[in-house]
Structures are given as structure tokens and as C-alpha cells.
Amino acid sequence: MMPTARGRFITLEGAEGVGKSTHLPFISEWLRARGIEVVQTREPGGTPLAEGIRGLFLSCGGMPAESELLLLFAARASHLREVIEPALVRGAWVICDRFTDATYAYQGGGRGIDSAWIADLERRIQGHINPDRVLLLDAPVAIGRGRVAARRGAAVDRIEEEDDGFFERVRDVYLARARQPGYRLIDASGSVEAVQRLLVEALGDLIDPCRP
Ligand SMILES: Nc1ncnc2c1ncn2[C@@H]1O[C@H](COP(=O)(O)OP(=O)(O)O)[C@@H](O)[C@H]1O
Ligand SMILES: [Mg+2]
């Protein structure tokens, strides 16, 4: 049953290096300064089980695409039941670094899994819990990759090792999904400050529903 008092669920999406981890604390602080209780979290992760799955997911090479998909939803089920849903029910806002849009982009676009299968898992695992706002940080693949290279040097995870074609497919799916209501496409190629101005604009109507 849909709870009556409910916080908002905001997700931050986009490929590697677009700035999700950089901007997550900024958004949390911006909301807290407006008196909102914020739960900041990430996927895969957010619970001990889901963080364990994250470790496997990022490190085990040669994993079938279907294993990726099921591991992500195994982690998501735990995250939803233990963290996201209880927070929303008590009226807190949840700000999450990646969610199901990433599964459509990476396992659907990147790996070629049928999106109907992802949609079926989404319905079964999430039920009525979907993001109120998806902030898609978008930049050309080369910009994101350049930032990741500058951030981590030679140490890259299993996904960051994929080729440009993989990340172009990921970006295409993200851009297509961002045409739906509730999504905001943010140009992430500018400076940190420029991106933060766009993020604040993209959240204004959630704080003050009278704003367009
Ligand atoms: N707008 C920006 N301009 C320049 N560098 C940025 C910008 N946003 C993030 N970075 C840097 O790029 C790297 C990747 O950012 P990060 O937030 O980790 O990306 P993501 O979490 O989306 O993979 C970090 O070193 C970060 O400091
Ligand atoms: Mg990150």
C-alpha cells in the first residue's frame, strides 16, 4: 500500500566520471540546509549484503551478463527493503548514486540484455517504489573517461575497463530514458560549479511545487 507521508526519492545517474560521487554530497547538503532529512546512499550497495555483492560485481572477471543483472537486483532488493523504503515511509528523502536506470544503461545497452527482462525484475522487485526525480549527468564519453583516468591513474575496476563502444551504448540508453517525465538531463561537461547550478535548478520544483 502506498504510504501517505512519503519522502522523495532522487537518483543520480550517468556513466563513469560524469561527477555522480562529486555531486551527491552537494545535493544532500543543499537539501539538509532546507530542513530535509536526507539519506545518502549508492548502488550497488547501501546494506552489508548489497555492499558485499558490489565487491563481487566490480571484481569478478568473466561474469555472464545475466549474472550481473541478477546480482544487481539481489542487491537492490536488500537496499529497498532495509534502507530506501523505510526512509521514504518516515518522510526522509533518499539520494542514491545510481539505481535501475543504470541497469537499463549498462546491462541493457552495454551488455545487450533484453530490456523487457529488466522491466519485469523492476516491477517485481521495486513494486511502487520508483524515483521521483532522475538527474542524468551527461557528458561525451571521452570527458568522463579522461576524468576517471585523472582520478584513479592505472587502477580501474572491471566496468571502467570496457571500451568506448560500450560506454557509447550506455550513454545512448541513458539519453533515451531521460526523455521520460521525472527525468532531468544535466550537461555535466562544464565546471563543478556550473553543474551544481544546473542541479539546483533541476530540484527547485521538488522543494517548492509552485515553481515550474
Ligand atoms: N565538472 C567537473 N569538472 C572537472 N572535474 C570533475 C567534474 N566533476 C567531477 N570531476 C572530477 O572527475 C573525477 C570523476 O568524478 P566522480 O564524481 O568520481 O564521477 P562518477 O562518480 O560519476 O564516476 C573526480 O576526480 C572528480 O573530482
Ligand atoms: Mg562514483
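**Labels and their cut-offs**

Mentor: Start with R42, which has a relative accessibility of 35% and counts as partly exposed. Keep in mind that this is a predicted model.

Trainee: Why is R42 called partly exposed?

Mentor: Buried means under 20% and exposed means over 50%, with partly exposed in between. R42 has 35%, so it is partly exposed.

Trainee: What makes the pair of E51 and R42 a salt bridge?

Mentor: The closest N and O atoms are 2.7 Å apart. The cut-off is within 4 Å, so the pair qualifies. E51 is partly exposed as well, at 29%.

Trainee: How do you know that R6 and D132 form a salt bridge?

Mentor: Their side chains meet at 3.2 Å, N to O. That is within 4 Å, so the label holds.

Trainee: Why does the pair of R6 and D132 tie parts together?

Mentor: R6 lies in the segment before β1 (9–13), and D132 in the loop between α5 (115–126) and β4 (133–138). These parts are 126 residues apart in sequence, so the bridge ties them together. R6 has 24% relative accessibility and is partly exposed. D132 is partly exposed too, with 23%.

Trainee: What makes R145 and D164 a salt bridge?

Mentor: The N to O distance is 2.6 Å. Again, this is within 4 Å, so the pair counts.

Trainee: Which helices hold R145 and D164?

Mentor: R145 lies in helix α6 (residues 141–152) and D164 in helix α7 (residues 164–177). The pair therefore ties together parts 19 residues apart in sequence. R145 is partly exposed at 26%, and D164 is partly exposed at 44%.

Trainee: How many salt bridges does the whole structure have?

Mentor: A search finds 16. E68, R111, R158 and E162 are linked in a network of them.

Trainee: Which residues does UniProt place in a binding site?

Mentor: The unreviewed entry gives G14, A15, E16, G17, V18, G19, K20 and S21. Of these, the lining of the largest cavity includes G14, A15, E16 and V18.

Trainee: Is G14 buried or exposed?

Mentor: Its relative accessible area is 0%. That is under 20%, so G14 is buried. G14 sits in the loop between β1 and α1 (20–32). Its contacts beyond four places in sequence include R98, Y106 and Y174.

Trainee: Why is A15 called buried?

Mentor: A15 has 16%, which is under 20%, so it is buried. A15 lies in the loop between β1 and α1. Leaving aside neighbours within four places, A15 touches K20, R98, Y106, F167, V170 and Y174.

Notes. Residues are numbered from 1 along each chain as its sequence is written. Chains are lettered from A and ligands numbered from 1 in the order in which they are written. This is a predicted model: local features need pLDDT of at least 70, side-chain atom pairs count only at pLDDT 80 or more; totals for chains, interfaces and linings use all residues. Side-chain values use heavy atoms; hydrogens and water are left out. Helices (H or I, at least four residues) and strands (E, at least two) are DSSP runs, numbered from the N terminus. Buried means under 20% relative accessible area, exposed over 50%, partly exposed in between (1.4 Å probe, protein chains only). UniProt positions are given in the numbering used here, feature names are shortened, and annotations may be inferred rather than shown by experiment. On a 1 Å grid over the protein atoms alone, a cavity is a set of points where a 1.4 Å probe fits but cannot get out, and a pocket is an open set with protein on both sides within 12 Å along at least five of seven lines; lining residues have an atom within 4 Å of a point. Contact means heavy atoms within 4.5 Å.
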